[in-house]
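Hi,

Here's the structure I said I'd pass along.

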Amino acid sequence: MKTSVFLVMLALGFAISDRAEGQTLNGPVTVIVHSGALELRALMWRPSGQGPFPAVLFNHGSGHAGGRGDHRHPELLGPVFARHGYVFLYLFRRGDGLSANQGIPSGDLMDAALATKGMEARNQTQMRLLETDEMSDALAGLGYLRTLHEVDSHRIGVVGVSFGGSLTLLMAERDSNLRAIVVFATAGYGWVRSPQLRARLTAAVGRIAVPVFFIHAANDYSVEPAKVLGAEMARLHKPYRVKIYPPAGQTADEGHNFIHLEVATWEPDVFAYLDKYVKVGRRKRDKR
């Protein structure tokens, strides 16, 4: 998806953001989520019909000023979730995308630490952001969803990718009221590079009470996070699923971007999982 298409979709979001809340919409509305003193922007899709609906918060990966890398494509995801009956909130955390004027994005902070002080500093910065600023923003998004009259506050899940997948796992560790989470390419880039991240995520899944679906493409930077974390959940008899899909594209970077490149491939599995645990709410142990 080219940047120009993405900008058209964002313009659409701004154009309809002043419509009455609760009006049935197939396109996104732009909303403000308060995280401390910050005013973060998010795009929200609603299903057709009458609510209250189940809902999903989406946690994107680490960001860069100016959208470097063109890796934000809410327009590919929001309509799919709405079509399946979910309110979908794509929150731009501080410094990122529509929230570009609300701080420094996480990717830039980690890159700066790496450039000035090396990999250990980069890893420490990553862990700090996951536990503090980025967590605050994500929890604010979750809180916002729970205030909406068209959302069933007892039927909410979280989906995350890459850095946002790690963030999603740490959120689920804190919030046992979530129904389920789905994590794409979690720690695919940082797993080998950061012993701190490996240890923290392993500890987190030991405390998570909600079902987790771990997803990677076979050509991601690493598929070990899903294998290791899934095995830990199996050892502890917690509900989970692991699926390693065929390669997406030709490179590790394309494999890491599986969520956007292969929507039709993961769509049936992800919504079967979300429908089972979020929409219906059963918590039976999955078989891998």
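What follows is what turned up, starting with the sheet and ending with the helices.

One thing before you load it: this is a predicted model.

The sheet

You'll find an open sheet of eight strands, with mixed pairing and the order β1-β2-β4-β3-β5-β6-β7-β8. The edges are taken by β1 and β8 (240-245), each of which has a single partner strand, so one side of each goes without a neighbour in the sheet. On average, and ignoring direction, neighbouring strands are turned by 25° against each other.

At the β1 end, strand β1 (residues 29-35) runs antiparallel to β2, and seven bridges join the two.

On to β2 and its links to β4. Strand β4 (residues 87-91) is antiparallel to β2 as well, with four bridges between them; L43 has Y90 as its bridge partner in β4. As for β2 itself (residues 38-45), six of its eight residues are buried, so the rest of the structure largely encloses this strand.

For a parallel pairing, go to strand β5 (residues 151-161) and strand β6 (residues 180-184), which share five bridges. There, G157 has A180 in β6 as its bridge partner. Helix α8 (residues 224-235) packs on the sheet, where it touches β7 (212-217) and β8, and its direction makes about 160° with that of β7.

The helices

Helix α2 (residues 74-83) is largely enclosed by the rest of the structure, because seven of its ten residues are buried. Just after α2 comes G85, with a positive phi of about 95°.

Then there's a helix pair. Helix α4 (residues 119-131) packs against helix α6 (residues 163-174) at an angle of about 45°, and their axes are 10 Å apart. That angle makes α4 oblique to α6, and the crossing of the two is right-handed. On the α4 side, the contact involves Q126, L129, L130 and E131, which meet F163, S166, L167, L170 and R174 in α6. By type, the residues of this contact are five nonpolar, two polar and two charged.

Cheers

Terms used
Residues are numbered from 1 along each chain as its sequence is written. This is a predicted model: local features need pLDDT of at least 70, side-chain atom pairs count only at pLDDT 80 or more; totals for chains, interfaces and linings use all residues. Side-chain values use heavy atoms; hydrogens and water are left out. Buried means under 20% relative accessible area, exposed over 50%, partly exposed in between (1.4 Å probe, protein chains only). Two strands pair if DSSP finds at least two bridges between them. Axes are lines fitted to C-alpha atoms, for helices over the stretch in contact, and angles run from 0 to 180 degrees between N-to-C directions. Angles under 35 degrees count as roughly parallel, over 145 as roughly antiparallel, 65 to 115 as roughly perpendicular and the rest as oblique. A crossing is left-handed if the near helix is turned anticlockwise from the far one by less than a right angle, and right-handed if clockwise. Contact means heavy atoms within 4.5 Å. Ala, Val, Leu, Ile, Met, Phe, Trp, Tyr, Cys and Pro count as nonpolar, Asp, Glu, Lys and Arg as charged, and the others, Gly among them, as polar.
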